[in-house]
Every structure is written in C-alpha cells, then in structure tokens.
Amino acid sequence: MNARPQQRPGTIGSYDGRGLLGPGLAATYLGLIVLIPIAALLWQSFGDGLEAFIAAVTTPQALAALQLTFVTSTIVVLINVVMGTLVAWVLVRDDFPGKAIINSLIDLPFALPTIVTGLTLLALYGPRSPFGINIAYSPVSIIIALLFVTLPFMVRSVQPVLLELDRDMEEAAASLGASAPTVLRRIVLPNLLPAILTGSALAFARCMGEFGSVVLISGNIPLKTEVASVYIKGLVEGDRPSAAAAVSVLLLVVSLVLLTTFDVLRRRISRHSEAA
Amino acid sequence: MTSASSAAATGARPVEANAGTARAARLTVRGIVLLYLALLLVLPVAMVFVRAFEGGVGPVLQALGRPAFQSAFWLTVQITVITVPICTVMGVITALAIARRRFPGRALLNALVDLPFALSPVVIGLSLFLVYGANSPIGGFLSDLGISVIFAVPGMILATIFVCLPFVIREVVPVLREIGTDQEEAASTLGAGPMRTFWRVTLPAIRWAVVYGVILTTARSLGEFGAVAIVSGKLSGKTISLTTHVQERYEAFDIAGAYTASIVLAGMALLVLLGMQVYQSGRLRRRGPDDGEPQGLLLEPAPATDAASGGRA
C-alpha cells in the first residue's frame, strides 16, 4: 500500500550495512506471524479443490453476508466522506470553547475495545434506548457501529491537509469575486481529495473486516444482518474450516482490490495537482 | 452551544457582503458536527457508565470481585505484558531492516507489514487456527510435545501479536527515513560500533515514534476481541480475556457483569487516550505547531503524509 522505498544513494553502506542479522530476524518474525498463517489460509481455501471454493462462497448465506458487508461498508464510507470532512473542517477552521477536548475525543474509537463499542451503542440505540430509538438487530445498527469505528480514519486523514492548506489561495479567489461555494468546489475540495481517498480506503478496509463492534448489536440473523466476519466465525465454530477459509480469501481479495484502487486513484490525482 | 460573537470574531475573514451568510454557514456546520459527534461518540460512551451504575455501586463492586472477572482481567494483563515487548523489539528491528537495508524480498516484507490492516480479526484468528490447530501438521507436532497453542494462552498471544504487528513498525519507518543516515554515519566514522551507534544515535532519534507505537500496541492488546475469540476456545477461568468476558456475560444475561467489565476496559481506553494527548502535545512542543504531520497518526501514517505533501512537492 505504501511500499515506496526511498532510493537514497549512500544508505547502502550505512552503519549496519553488513551482515544479514537484522533482515533475517525481521523476515523470521513476519514469516512466522504473518506469512505462514496466510499461506495456510490460502492452502486450506483451495484444499478441497476449486469447485469446493466456488461452492463455499456462493451459498445463499455466504452471498448475503458478503453483499451486506459490501453495501454497508460503501454507505459508511460515503457518509464518512461528508461527515468526516465536515468534522475535520470544524476542527481546523472553526474555533469555540471546548474544541481541544473534541479534538482528543476523535481518537476514542481507536482506543475503545470493539466489544465495548458494541455494548455502548446497544445501550443507547438498543431495546432499552432512553430516546426510544431501537435499531438493534437491523442493518442500520451495522452502519452506526461502522461509523463509530471508522470516524478517526477520515478525520485524521483530512485534518493535517486542511491545516497545511494555503489560505492565500482561497482569499485570492474570494477577492476576485468567487462565491464561497465556488471556492469550496474549485480550490478546497480538489486539494483535500487525495486525503479523502486515503481516509476512504482505510475506512473501507476496516469496515469489510469489522467484527467486535457489530457482533452484539446486529443480532447476526442469517441472510439479513449477518456480516461476512460473523459468517466466517460461524463456519469455524461449525467445524467447516475450508469453507471459512474460502470466504476469508474472497473477503481479503476484495479488500486488497479496493485498497489498491483507492491508492491508484490517489496517486493519479496527486500527480495531476502537481502538474497543474 | 457557544457564544456566536466570539466565533464570528475569530473565524475566517469573509468578504463584506457575504459576512452574514458565511457566519450562518459556519454556525450550521458547527451545529451539525457537534450533534453528529454527540450522537455517535459522546452519548453512547456516557451511556455505558450510566448503565453500569444503574443499580448503584453495589453490583459493580460485586462484579469486580467475581473470580471470572478477576481471571479475565489478569489474563488480559498477561497477554499485554508479553505482546507489547515482543511487538516493540521485533518492530524496531523490522523497521530498521525496511528503512535502512537493501536485501532481496524487502518489498515483500514491507507489504506483509500492512497486511494485518487489510485482514478481518476473525480471518487472522482463523489463519492461526489453521497453522496451529490440532488437525494441522505443526499443531499435531506441538501437541505431541505437550504444547497446545490453539484454545490456549499461547494462541491468544500469537493472535494479539499478529493484530498489533504494524503499529510500531509503521510509526518508526517514516521517522527513520526522515532523519536520514548522516548522524549514524558520523558516529560510525568516529569509531562507534553498530550497537553503540544504535543506542546512542538511532534510538534517541526514534524514541517518540517508538513510544507512540507502544501506546497503540497496548491499546489494541487490551481490546482485541475478534482474533482472540477464534483461538481462545472460551475455556472459563483459563482462556477468557476481558473482552471475551464482556461478550460471555452479556450472552449469559448478566448485564451488570458485562457493563462492569466494559467500564474497566473503557477506563483503560481513556488512559491510553490521555497518553496519546501527552505524546502529541510533547511532539508539538518539540517541533513547533506548524509541523505538517497528521495529528492522529494512527494507522498507516505514510499515505496521509504522502497526501499532505502531494500538493506541495
């Protein structure tokens, strides 16, 4: 995703340039922790042949789970594009008492364990909601949970770029008679777009795999509110590791394709704005 | 929510005729954002505390005293105490290899570091289950030796390391690239060995990035649920961590127990958040407020900084 080694002549002979102890340890570490388990996952998913793989990912329950995951993730990313950017905007351009506290709270979803997030949302929007809003066991609850866990991704991607954005450009455009919406559309948004794409990619990847925050509030009703990760867990517990691995591999491939697509788009846009 | 006049005074400099509209727009956006954050973030978290103390302090204290809670709490502490040092030491070694060395397979290594971000925790748990489960060759071999990994604490630790692996590495690599190798080379020229150069030159330069990575790793170790739930087997008193305990209590209709464990976890999360704030204000003091780095550098800081520099480069 960000595998862009910076080629710097001179670093080859750096202080620890000899010996392969460091790279060897690093390779062993990543090999044992990441590579071997992922290889086992791939192996298991095709363990019963290609037909079994296709059969596992095309059962009605698997398709429904994958579709639900994809659709809710897409909705969440779209809401995040608007709301995350607005939150970042208010944090950078607005000023009011208590802003610093709100700025710190943005990181809370990263710190809060996902199972607590689920229980938290259930307390407010579940059967005993003090507002009388009960969305538990519906697809809407999945969207709320995903919005909670992905909030920081968009805000923390857009915020630094907005902070860096040169105000002179906007003021120049405004003094030349551009209306506020025009300034926003022609100057601010194009500059924010790469950051919005980065935030979207991170949020998308997180949504596709989210488990803890969703599992309590969604009710996990097969064909209706069961997301992919919950479906996979059910297969593991039902002693069907090959089917679980097949759905996992498909989920991983979709995530990687999405991440790559967003990355390519972001690079293309960055290049454009550099050329302009 | 707040005084409108101060906002108009400190805000942007709107062009004459648009001043009124600009102010109205600003207040509307502020209102929408505050309402959104209140409904999504603040009220739900506050509700957990309200629900936990609904029946007074008694049930909470009672839940805290139960052996099931105690064993879950200490298991979570144990997992964190083992995971964080491994992720930190191996993370720094891996970051040095990626940022400073040329060797075949380095790009693959770099890509593997990001993989846990693209994987569902459940899938991470499943992949470990497939390697170390009783049905696999490795798992069978280990169980012949009397070592069980899956449905035991070692598996839960492995799952937590897998999930936390990127944090330290992704914090340290950009800093290593930014500081360059001049000082290290100077130290080396002056006769310092690799170890001395690392301890005296490199480590002091990356220490804040390491600290931030450790904070993130700790938070995730304490709170990991999906990956751990798959490999734990939920053996009561043995492999139930604090997060699994929350789910188990909730499903057993022990609402007080579930909310009590939740506020303990939420309290730890707030401490972590405080640590992040202290770190960030420390960094701002060190480098000045105009430093263009993302404030929340949490996951994959590199693309964000790329994006930030994209328009200027």
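Which residues of α12(B) are buried? They are B:Leu242, B:Thr243, B:Thr244, B:His245, B:Val246, B:Gln247, B:Arg249 and B:Tyr250. This comes from a predicted model. Chain A has twelve helices and zero strands, and chain B has 14 helices and zero strands. The two chains touch through 101 residues of chain B and 95 residues of chain A.

**Chain A**

- Chain A reads α-α-α-α-α-α-α-α-α-α-α-α along its sequence.
- Its C-alpha trace spans about 65 × 65 × 35 Å along the principal axes.
- Chain A has 276 residues, and 48% of them are buried.
- Take the contacts in chain A with a separation of 6 or more: 79% of them join residues 24 or more positions apart.

**Chain B**

- Along the sequence, chain B follows the pattern α-α-α-α-α-α-α-α-α-α-α-α-α-α.
- Of its 313 residues, 48% are buried.
- Among contacts in chain B with a separation of 6 or more, 72% are between residues 24 or more positions apart.

**Where the chains meet**

- On the chain B side, 101 residues are in contact with 95 residues of chain A.
- Helix α2 (residues 19–52) of chain B gives the most to that side, with 17 residues.
- By class, this side of chain B holds 66 nonpolar, 23 polar and twelve charged residues.

**The largest nonpolar core**

- This core has 165 residues.
- The members that touch the most other members are A:Leu119, A:Ile232, A:Val247, B:Leu126, B:Ala159 and B:Phe162.
- Helix α8 (residues 153–179) of chain B supplies the largest share of the core, 15 residues.
- What does A:Ile232 touch, leaving out residues up to four places away in sequence? In chain A, the partners are A:Ala244, A:Val247 and A:Ser248. In chain B, they are B:Val122, B:Val123 and B:Leu126.
- In soluble globular proteins, nonpolar side chains tend to be buried together.

- Helix α10 (residues 194–223) of chain B has 30 residues.
- Its end C-alpha atoms are only 37 Å apart. A straight helix would reach 44 Å at 1.5 Å a residue.
- Where is the kink in α10(B)? It lies at B:Leu203, shortly before the proline B:Pro204.
- The kink is about 55 degrees.

**A covered helix: α12 of chain B**

- Helix α12 (residues 242–251) of chain B is mostly covered.
- Eight of its ten residues are buried. Among them are the charged residue B:Arg249 and the nonpolar residue B:Leu242.
- B:Phe253 follows α12(B) and has a positive phi, near 60 degrees.

**Positive phi in chain A loops**

- A:Tyr137 has a phi near 65 degrees, a positive value in a residue other than glycine.
- A:Tyr137 lies in the loop between α6 (114–125) and α7 (139–164) of chain A.
- With 17 other C-beta atoms within 10 Å, A:Tyr137 is partly exposed.
- A:Leu223 also has a positive phi and is a residue other than glycine; the value is near 70 degrees.
- A:Leu223 sits in the loop between α10 (212–215) and α11 (228–237) of chain A.
- Is A:Leu223 buried or exposed? A:Leu223 is exposed, because 12 other C-beta atoms lie within 10 Å, and 12 or fewer counts as exposed.

Methods:
Residues are numbered from 1 along each chain as its sequence is written. Chains are lettered from A and ligands numbered from 1 in the order in which they are written. This is a predicted model: local features need pLDDT of at least 70, side-chain atom pairs count only at pLDDT 80 or more; totals for chains, interfaces and linings use all residues. A nonpolar core is a set of buried Ala, Val, Leu, Ile, Met, Phe, Trp, Tyr and Cys residues joined through C-beta atoms within 7 Å. A residue is buried if 20 or more other C-beta atoms lie within 10 Å of its own, exposed if 12 or fewer, and partly exposed in between; C-beta atoms are placed from the backbone. Helices (H or I, at least four residues) and strands (E, at least two) are DSSP runs, numbered from the N terminus. Two residues are in contact if their C-beta atoms, placed from the backbone, lie within 7 Å. The expected span of a helix is 1.5 Å times one less than its number of residues. The bend at a residue is the angle between axes fitted to the seven residues ending there and the seven starting there.
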